[in-house]
Amino acid sequence: MTSPDLPDVIDRAAGLAPGDALHAARRFRAKVVEATQASHDALLTQPVEGLSTADRLRVAVHVCNTAGATTLAKHYEARLRDDAVRDAPPSAALPAMLHFAATLTTDPRRGDRAALEALRHAGLADPAIVALAQLVAFLSYQLRVVAGLQAMRASGAKGTS
Amino acid sequence: MIRRNGFTDETLEWRSWLEPLQLADASPLQLEVLDESHPQSRTSPYYLTLAHQPLMLRHRSAAYNAIMYAPGGLPRAERELGAMVVSVTNGCVYCTSVHAQRFEQLAKRSDTVEQVFDEPATAGTNERERAIATFAIAVTQRPGALGADDIAPLRAVGMSDEEIIDLLHAVAIFSWANRLMQNLGEPAGAG
């Protein structure tokens, strides 16, 4: 386990460092900080049949770019350049995954049963569809936490008083 | 009971479009994570669907429960208000019904719920509630364009940075929760 005080993905994407008041204010909810980072790690690395880590990173980059989350997109791009996943070929189901991810990211109201059938048709079993939906939905949360913290920084967050 | 604009504070059911895990097939880890996620998760199609990925569910539930239930910081009724405004903005009828009920239980009133169902952009019985609703909509609809101007009204009603972070977490995690509820299944009639 890493120390909860070390900068995590959200700190780095939002530009927070240990010693900053806002970095400290986030640790008022240490459990949230830890569970958020643990979600990120599990969503990317838990083995899922039919859903490689490389394809999950490709989905994450696409979601962040679609939502205008530039610093977070850079994080997932860097992970995708890691040796371990760099040469992993995309699955034949990747276009269907990217389509599902972009729709879910931009307008959750457009979700329907046909979108899940398209993923099944592309070869994903239900446990892989659950993993993909969790990843995309998590990214909608993560990128908003980053955006909110960036806005707090811009407004001169006072931090713990 | 409130019914307006397609939203309700009645108890709804939810039906999965995927095959929920059958309890008889559940691994010890899956049972453990179900039990730590929610008191009724063993009979909930939503949790049984998510239990196909138990470690992803474990960390999601830990984040969710810490964000919505932890003591201190932003009053819980105000976290529920943020959750309800996001759910109406995203059109998630199921999540809206649950969090309208929670708000009513915690705040002991339902006037704000009627206002949110009618028009979240102007909802709120006082400045603080209106600032919360406005921020929840901004985070939901334009995360790429948030700035200092979105934080100032929260400071103006007296929120500390810790309270603003609590609100941000509550609002952001409903971008997560709504997407699962709206894209893995659909609400079914009143239970």
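Two residues are in contact if their C-beta atoms, placed from the backbone, lie within 7 Å. That cut-off is applied here to a predicted model.

Chain B is assigned two domains: domain 1 (19-69) and domain 2 (74-182). Their centres, taken over C-alpha atoms, are separated by 25 Å. Five residues of domain 1 of chain B are in contact with five residues of domain 2 of chain B. On the domain 1 side, α3(B) supplies the largest share, four residues. This side of domain 1 of chain B has five nonpolar residues, with no polar and no charged ones.

Chain B also meets chain A. Here 45 residues of chain B are in contact with 49 residues of chain A. Four helices of chain B, α2 (45-50), α3 (54-69), α8 (148-156) and α9 (161-183), each supply at least two residues of the side that touches chain A. The largest share comes from α9(B), with 15 residues. By class, this side of chain B holds 24 nonpolar, 15 polar and six charged residues.

The largest nonpolar core contains 112 residues. Within this core, A:Cys64, A:Leu132, A:Val136, A:Val146 and B:Ile173 touch the most other members. Helix α9 of chain A (residues 126-154) gives the most to the core, 19 residues. Domain 1 and domain 2 of chain B each contribute at least three residues to this core. In soluble globular proteins, nonpolar side chains tend to be buried together.

Note on methods
Residues numbered from 1 in each chain as written. Chains lettered and ligands numbered in written order. Predicted model: local features only at pLDDT ≥ 70, side-chain atom pairs only at ≥ 80, totals over all residues. Nonpolar A, V, L, I, M, F, W, Y, C, P; charged D, E, K, R; others polar. Domains from an automatic or database assignment. Core = buried A, V, L, I, M, F, W, Y, C linked by C-beta atoms within 7 Å. Buried ≥ 20, exposed ≤ 12 C-beta atoms within 10 Å, placed from the backbone.
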